[in-house]
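Please open the model in your viewer and keep the selection tool at hand.

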Amino acid sequence: MPTKKIRVLIAKPGLDGHDRGAMVVAQGLRDAGMEVIYLGLRVTPEQIAEAAVQEDVDVVGLSCLSGAHMALFPKTVGLTRERTDKGILFIGGGIIPKKDVPKLQEAGIARTFGPGAPIPEIVTFIKNNTGGE
Amino acid sequence: MPDEKERQPEFKTTVDGTVVRRVYTAGDLAEFPIDNSLPGDYPFTRNIMPAGYRSRLWTMRQYAGFATVEETNRRYKYLYQQGQTGFSVAFHLPTQEGYDSDHPLAAGEVGKCGVAIDSLQDMEELWAGIPLAQVSTSMTINATAPIILAMYIAAAEKQGADRSKLDGTVQNDILKEYIARNTYIFAPGPSMRLTTDLCSFCAKEMPKWNSISISGYHMREAGATAIQEAAFTLANGIAYVQAMIDKGMEVDSFAPRFSFFFAAYTNLLEEVAKFRALRRVWSKIMKERFGAKNPRSMMLRYHVQTDGFTLTEQQPLNNIVRVTIQALASVLGSCQSLHTNSFDEALALPSEEAVQVALRTQQVIAYESGVADTVDPLGGSYYVEELTNKIEQGIKEYIARIDEIGGALEAIKKGYIQREIRRSAYDYQRAVDSGEQVVVGVNKFTSGEESDIKILEIDEAIERKQVERLRKLKHERDNAKVKEVLDGVRRVAESDENVMPVLVDAVKAYATVGEISDVLRGVFGEYKEPSML
């Protein structure tokens, strides 16, 4: 039986349009054999939560470089968990000050990857934390 | 002497760039047309002016804006006292994308990447105590550029200034927003109409104002190579010039006020050659393709910002060195104005200390390095001249391909430019991940130490304060008048008339950015990005 592919949703909540990181990560995860759905720009936490449930994903990757992550990331996790009890793994990326990282972890963002994070590191983290291949 | 073994099989300028040979001689230039032009002479390869920085140094223009108008106003006054010679306004994203601070999509964004401007009231207070008739101001604003320029005019007129005397720039470059940066609101068609309305309004009423800053910076940030950055920017430039001509404007009536904006990476000589090639190619396009007669229409005038993407979160002090090299490339490339990034920007918005180091970097280059004492000091270097020719070739090939597609607008609609940049971004990341591209402190010479530098924090209470301020304004202004001016905006938007005069009326009645944008959304509709993945 073939192993089920890891399904990842990548989205940019808020108004930030810097999508280089999100796109490069999306492409990198796809090349690593994952199924990637890119939800695009200017999406609300509600839209991301809806899509996460509908697409039955294992991972949600959120990217924000505008500094609005504290308002947007925890809200997205909360709204998703209201809709499903599947243990979706949340990861984040962008310009995230160090002092925010523990707060984001508490809110359910398992790990944040800053500028320059190598793709293989992100791939390994996802594989280790979803039990998939 | 036996041949030495080289430390790598091949050297390249950028990851998919030009192969660099061991040494360059006069023979390498033989295949190219000879360009013996002097600074100030067509095709302006060496400089648009004969005396370069010997007559006037570049404008040291630091992009700044955060939180509320009061705080930004304080930062501007501080920079002015420190010797900065021009202002550059960063607007928060809701202002850039046509939402007021109380809009649900603005949640968490208020005052974050720039200053919150909802109405003329905010614009007036932003410039409190700074005489707009006497300064030069650059504003990074695109989709809402006509509204924000209208506010700037209104604020200046309230100070008693004449609009014809105002000096500055609005970015107003919507095409690159569909390629990178993504702060568009409307589809490319109506957006081009707003862009060209602004340009023709300035051509008639604001002779000292740069009505557009055609930008490669954001494409470079999104992953473009040096050649792609240069080529796609000039392709967009061609689209704007053509659109103005199609509007019935004579090329020399507006082209002298067109300006440009580029990035500077750390590969110093490639960047210098890029700027030289850009000047040469643009002047030829203006003369040969568009028949410009006025030499000023052929001069590529531009601002440079050192590249944000090259800043690393790891070992952040190394960024001071990167910024220095990038700033040096900009100056050796003969830019008209320059922003140097702060070393802490991969971590957060810049602190005051970091901003000061960035400005001092420019001052050390200007006053201590000696590179500003002669014009185009690298001109005549076999390598730099060869690279200039190679980059010129690369730019022309891309422009020819875009012409085949039907111009920049079509190339954007088809996703061609976006895909080219995306590929480069991904190639770069793979090169860094594999170690082929060394980034000091990231994939080589890592120290594993956590950075411990003081960073700027934006008070979360600012959003509440700004929303409260907006609520108060909406309560106190003459709302019957607001309704009347918004109807006026709708009527003009539906016609062929220039939108600028009615926008000045609208902002003077304190109609907000969000309200005016909503009226325009009603007329033009909203753009949704095509899926690029």
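What radius of gyration would a compact globule with 533 residues have, and what does chain B have? A compact globule of 533 residues would have a radius of gyration near 24 Å, and chain B, with 23 Å, agrees with that; the radius is taken over C-alpha atoms, and the globule rule is 2.2 Å times the number of residues to the power 0.38. This is a predicted model, in which local features need pLDDT of at least 70 and side-chain atom pairs count only at pLDDT 80 or more, while totals for chains, interfaces and linings use all residues. Residues are numbered from 1 along each chain as its sequence is written, and chains are lettered from A in the order in which they are written.

Stay with chain B, which holds 20 helices and ten strands (DSSP runs numbered from the N terminus, helices being H or I with at least four residues and strands E with at least two). Of its 533 residues, 53% count as buried, that is, with 20 or more other C-beta atoms, placed from the backbone, within 10 Å of their own.

Next select residues 145-158 and 188-205 of chain B, helices H4 and H6, whose axes come within 9 Å and cross at roughly 30 degrees (axes are lines fitted to C-alpha atoms over the stretch in contact, and angles run from 0 to 180 degrees between N-to-C directions). H4(B) is therefore roughly parallel to H6(B), the term for angles under 35 degrees. B:Ala145, B:Pro146 and B:Leu149 of H4(B) meet B:Leu194, B:Asp197 and B:Leu198 of H6(B).

Now move to chain A and display its open sheet of five strands, ordered E2-E1-E3-E4-E5 with parallel pairing; two strands pair if DSSP finds at least two bridges between them. The edge strands, E2 and E5 (109-113) of chain A, each pair on one side only. Strand E1 (residues 7-13) of chain A pairs with E2(A) over six bridges, and A:Pro13 has A:Val43 in E2(A) as its bridge partner.

Finally, colour the interface, where 28 residues of chain A are in contact with 33 residues of chain B, contact being C-beta atoms, placed from the backbone, within 7 Å. On the chain A side, H1 (20-31), E2 (35-43), H3 (69-83) and H5 (119-130) each supply at least two residues, and H1(A) gives the largest share, six residues.

Conventions
Two residues are in contact if their C-beta atoms, placed from the backbone, lie within 7 Å. A residue is buried if 20 or more other C-beta atoms lie within 10 Å of its own, exposed if 12 or fewer, and partly exposed in between; C-beta atoms are placed from the backbone. Angles under 35 degrees count as roughly parallel, over 145 as roughly antiparallel, 65 to 115 as roughly perpendicular and the rest as oblique.
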